[in-house]
Amino acid sequence: MGKKIKKENLKKLFEDISKEYKVIAPVKREDDYVLMEVKDFSQVALDYPTTVLPPKKFLLPYKDTIFAFDGGEFKETIPEEKIAFFGLHLCDVNAIGRLDLVFWNDPYYRARRDKMLVVGISCKPSESCFCKSTGANVLTNACDLYLKAEGDSYVGFSMTEKGRKLLSQLYFGPETVEEREVRVEYEEKIPLDIYKIGKRILEDYNNPIWEETAKKCLACTNCTLVCPLCYCYDVIDETFVVPNEGQRVRCWDSCLLLSFARVAGGHNFRKDLKARYRNVYTHKFKTFVDEFGVPSCVGCGRCVTFCPADIDLRENLSKLGGV
Ligand code: SF4
Ligand code: SF4
């Protein structure tokens, strides 16, 4: 059940949320859209295609201090900030839901997640979107409040207690709207049967697609950086100029890099880019599905849009026989 809110009243909703949270919203930056802290509603771009970096930028920051040390004393660095995402598309909302499956017991992730508010909003799927194929086009409780566009209004659907509290405010109208399931519907350019593909990846281990892709791929890692569900990381100790002071940081890494699977003694389990590329797909569409029942991909299309070598993950998946 949802409640209507007029577009002009979104500002009140935003301001209400801003009283309690640091608000992160999509903002236009030259030709792109980025997720960043917003203090004034006029900065928010609600009608956007996709942002360059996904919400993981705030949940699992590029460089996250996991503890600091000072003269032999350890200092806890559990984050305390309260973040609200304002205006995430369903793919990104569901990416958060899928990150929860992996990081729920991680104290740094969990501290941010427990205090977080997620407000989703309708989107207009682009050519590179395929959230339907990944099951990420459906509203889930990873979202506290979802705003579905309807003419000159939105219908707000609450999925959690935090969402219900917002929905009870006066800027939402009294009339209610019935909807059994909220989902984004559209025709995908390359519809895929992700679960069938997942099974085929290991059955067809030597499919020529890996070699063909490795020949084109620059190993730039753009695709894994922009992916809302790529979370490979490295852990580094940093020492400062001041003696005995420093910190341990968790920072983004990519399994597409040559160094990622290199172990002590110099052996590398995935020396060839072909093996590294196949590993990305195996993890996303086979082993993650085996473990959690969903793929580690929400079909946001970022890897397609931002690949400088024009490698299209959907085309590769369809060649593996998943159409
Ligand atoms: S693999 Fe590509 S389409 Fe899937 S979630 Fe990651 S960036 Fe988006
Ligand atoms: S963005 Fe494209 S070229 Fe760069 S690593 Fe990914 S697939 Fe390769």
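Ala, Val, Leu, Ile, Met, Phe, Trp, Tyr, Cys and Pro count as nonpolar here, Asp, Glu, Lys and Arg as charged, and the others, Gly among them, as polar. These views show a predicted model, where local features need pLDDT of at least 70, side-chain atom pairs count only at pLDDT 80 or more, and totals for chains, interfaces and linings use all residues. Residues are numbered from 1 along each chain as its sequence is written, while chains are lettered from A and ligands numbered from 1 in the order in which they are written.

**View 1. The shell around ligand 1.** Nine nonpolar, two polar and one charged residue make up this shell. Among them are Cys227, Cys297, Cys300, Cys303 and Arg302. To be near a molecule, a residue has its C-beta atom, placed from the backbone, within 6 Å of it.

**View 2. Helix H7 against helix H10.** The axes of H7 (residues 194–203) and H10 (residues 273–292) come within 9 Å and cross at roughly 110 degrees, so H7 is roughly perpendicular to H10 (65 to 115 degrees). Axes are lines fitted to C-alpha atoms over the stretch in contact, with angles from 0 to 180 degrees between N-to-C directions. Helices are DSSP runs (H or I, at least four residues), numbered from the N terminus. H7 brings residues including Ile194 and Tyr195, and H10 residues including Phe285 and Lys286; contact means C-beta atoms, placed from the backbone, within 7 Å.

**View 3. Lys165 on helix H6.** Lys165 is found in H6 (residues 161–167). It counts as partly exposed because it has 14 C-beta neighbours inside 10 Å (buried takes 20 or more, exposed 12 or fewer, and partly exposed is in between).

Definitions and conventions. Helices (H or I, at least four residues) and strands (E, at least two) are DSSP runs, numbered from the N terminus. Angles under 35 degrees count as roughly parallel, over 145 as roughly antiparallel, 65 to 115 as roughly perpendicular and the rest as oblique. Two residues are in contact if their C-beta atoms, placed from the backbone, lie within 7 Å.
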